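This report describes one protein model for a reader who has not seen it before. Please look over the sequence and the structure before reading on.

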Amino acid sequence: AGPPPEALHRWITGMTGVPLVDAAMRELYATGHLVAATRRVAASFWVHDLGGDWRLGAAWFRAQLLDWDPAANAVNWAAVAAALPPPAADGSGGDSGGATGLLIPRSARVDVAAAAAAVDPTGLYVKRWCPELYDIPMPWCHAPGAMGDAELADFGVTPGVDYPRPVPGVVVTLPDVGGGGGGGGGAADGPTRAPSVEEPAA
């Protein structure tokens, strides 16, 4: 089965309802730049979570990236989708890397919650590119879809209006940042308003 209706539009515009993916796609569109870690998150989400065609994702990155490299872009996207041939007996070709600069193993699905804990443990990256989530504390700013509508309203967010609900079929998970997310103590009762949040860097 292919991706849900309008999934491509929601992915390229950063409106999937998954904040780390949305932040990455908004940064890409606004600046033409995206670091390797968030490229991997966005690409994996399109292919593995939304069931999208990797060639469409590669085409969008090609159109947006200022540092686009034809070989690296195609090979890395093919790797995400397990579309690479196996390496030769001598280790060459396939997903062996080399001059193409392969960033990830073949068919490597990225767990978004784990990636959020690793690349954005403070939530400031998400809050910079998804400012509608600015008042939601960690770790909930990475998974507003795991909150109830009333809880979101406490932070000034109306789901489906201020920030989209997750694409149908996508399950959001709290990242484990060591202080109450993803199964840690304290998060099960829901978030409480933080007294202040550090201003994201310009």
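## Overall make-up

Helices here are DSSP runs of H or I with at least four residues, numbered from the N terminus. The model is a predicted one. Its protein has 8 helices and 0 strands, and the order of elements from the N terminus is α-α-α-α-α-α-α-α.

The protein has 202 residues, of which 45% are buried. Its accessible surface is about 9700 Å², and carbon and sulfur atoms hold 56% of that. Among contacts in the protein with a separation of 6 or more, 65% are between residues 24 or more positions apart.

## The nonpolar core

The largest nonpolar core has 46 residues, and within this core W11, F61 and I136 touch the most other members. At least two residues of this core come from each of α1, α2, α3, α4, α5, α6 and α7.

For I136, setting aside neighbours within four places in sequence, the contacts are K127, C141, P144, M147, L152, F155 and V157.

## Aromatic pairs

A pair of aromatic rings is described by the distance of the centres and the angle of the planes. The structure holds 5 aromatic pairs. One of them is W11 with F61, which is stacked, with 6.1 Å centre to centre and 0 degrees between the planes. W11 belongs to helix α1 (residues 7-12) and F61 to helix α4 (residues 54-64), so this pair ties together parts 50 residues apart in sequence. W11 and F61 are both buried.

The ring centres of Y29 and W60 are 6.5 Å apart and the planes are at 5 degrees, so this pair is stacked. Y29 is in helix α2 (residues 19-31) and W60 is in helix α4, so the pair ties together parts that are 31 residues apart in sequence. Y29 has a relative accessibility of 58%, and it counts as exposed because that value is over 50%. Ring pairs also join W11, W46, F61 and W77 into a cluster.

## Helix α2

Helix α2 has 13 residues. From its first C-alpha to its last it reaches 18 Å, close to the 18 Å expected at 1.5 Å a residue. The helix is mostly covered, with 10 of its 13 residues buried. The buried residues of α2 are P19, L20, V21, D22, A23, A24, M25, R26, E27 and L28. Their cover includes α1, α3 (36-49), α4, α6 and α7.

Just after α2 comes G32, which takes a positive phi of about 80 degrees.

## Helix α4

Which residues of α4 are buried? They are G57, A58, W60, F61 and Q64. These residues cover an arc of only 160 degrees around the axis, so they are on the same side of α4. An α-helix has 3.6 residues a turn, so residues three or four places apart point the same way. On the other side of α4, R55 and A63 are exposed.

What covers the buried residues of α4 includes α1, α2, α3 and α5. In helix α5 (70-80) is the place of A78. With a relative accessibility of 6%, A78 counts as buried because that value is under 20%. The C-alpha atoms of A78 and R55 are separated by 8.0 Å, and these residues are 23 residues apart along the chain.

## Loops around α7

D120 is in the loop between α6 (112-119) and α7 (124-129). Is D120 buried or exposed? Its relative accessibility is 3%, so D120 counts as buried. Apart from neighbours within four places in sequence, D120 is in contact with A115, Y125, V126, M138 and H142.

P139 is in the loop between α7 and α8 (149-154).

Note on methods. Residues numbered from 1 in each chain as written. Predicted model: local features only at pLDDT ≥ 70, side-chain atom pairs only at ≥ 80, totals over all residues. Heavy atoms only, no water. Phe/Tyr/Trp six-rings, centres within 6.5 Å; stacked < 30°, edge-to-face > 60°. Buried < 20%, exposed > 50% of the residue type's maximum accessible area, 1.4 Å probe, protein only. Contact = heavy atoms within 4.5 Å. Areas by Shrake-Rupley, 256 points an atom, 1.4 Å probe, with all protein chains shown as cover. Expected span 1.5 Å × (residues − 1). Core = buried A, V, L, I, M, F, W, Y, C linked by side-chain atoms within 4.5 Å. Arc of directions from axis to C-beta.
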